[in-house]
Amino acid sequence: MTVEPSLFRVVYVSRSLLPEPAAGTELERILARARRGNAARGITGALLFSEDCFAQALEGPAPAVEEVFEAIQCDPRHADVVVLEAAPVAAREFGAWSMAYAGRSRQAGARFSALAGAGPGEAATAAGRVLGLLRAVVDRRAGAQGPAAAVPA
Ligand SMILES: Cc1cc2nc3c(=O)[nH]c(=O)nc-3n(C[C@H](O)[C@H](O)[C@H](O)COP(=O)(O)O)c2cc1C
């Protein structure tokens with residue numbers, strides 16, 4: 001495992017404001033932008049989109065993650081951003097992906113929309129659950145469809 005100093009991770013959930021039926025196209029745009037920006041900054045992560053929620057993990061050098069997350073928070077394509085984790089970490093969870101797309105998942109949406117209401121004491125547990133969910137979906141897609149499903153960093 002490569003040890004990286006000052007590795008930082010942000011995990012959040014938010015409510016999508018992408019209007020159907022164009023949501024898929026707009027999502028492609030977000031992903032293309034994310035992969036370009038993240039690769040240039042040494043950021044990796046995963047994004048999950050459900051009917052009306054996003055869940056995202058971003059990890060990388062602290063200043064880069066803070067800069068990108070600042071822009072993401074101001075993005076009018078979503079609202080009600082709830083930060084579940086913002087902390088230094090020892091290692092990357094999604095080191096192979098500039099932004100793995102964990103897809104549009106109805107089941108996942110139902111599971112993590114409930115997490116958006118997590119109180120302060122529950123945030124750590126919620127972050128762990130969202131990370132686990134992202135990891136599981138990314139691993140399943142990468143295994144089933146090959147690396148094209150989750151574009152490498
Ligand atoms: C749900 C969501 C996730 C995003 N994730 C990323 C990301 O991981 N990296 C990134 O650079 N931009 C991401 N964006 C886009 C940024 O919010 C923003 O549009 C972009 O960084 C602005 O860059 P620009 O002003 O240089 O065009 C995301 C946007 C949304 C709505």
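The legends below describe close-up views of a predicted model.

**Figure 1. The shell around the ligand.** The ligand is surrounded by 17 residues, and the closest are A34, G37, A71, D75 and R77. Two or more residues of this shell are given by each of the elements α1 (23-41), β2, β3 and α2 (62-73). Helix α1 supplies the largest share, with 5 residues. Sorted by class, the shell holds 9 nonpolar, 5 polar and 3 charged residues.

**Figure 2. The overall fold, as context for the close-ups.** The protein contains 4 helices and 5 strands. Along the sequence these elements follow the pattern β-α-β-β-α-β-β-α-α. Of the 153 residues, 32% count as buried. Among contacts with a separation of 6 or more, 79% involve residues 24 or more positions apart.

**Figure 3**

**Figure 4. The pairing partners of strand β2.** Strands β2 and β3 pair in the antiparallel sense over 6 bridges. The two strands form a hairpin, with 3 residues between them. Strand β2 is also joined to strand β5 (residues 100-104), here by 3 bridges and in a parallel arrangement. Residue F49 takes part in both pairings: its bridge partner in β3 is F54, and in β5 it stands opposite R104.

Figure 5. Residue Q56 is found in strand β3, which covers residues 53-61. Q56 counts as buried because it has 23 C-beta neighbours inside 10 Å, and the cut-off for a buried residue is 20 or more. Apart from its neighbours within four places in sequence, Q56 is in contact with Y12, G45 and L47. The C-alpha atoms of Q56 and A46 are separated by 5.6 Å, although the two residues are 10 residues apart along the chain.

Notes
Residues numbered from 1 in each chain as written. Predicted model: local features only at pLDDT ≥ 70, side-chain atom pairs only at ≥ 80, totals over all residues. Buried ≥ 20, exposed ≤ 12 C-beta atoms within 10 Å, placed from the backbone. Contact = placed C-beta atoms within 7 Å. Pairing = 2+ DSSP bridges. Near = placed C-beta within 6 Å. Nonpolar A, V, L, I, M, F, W, Y, C, P; charged D, E, K, R; others polar.
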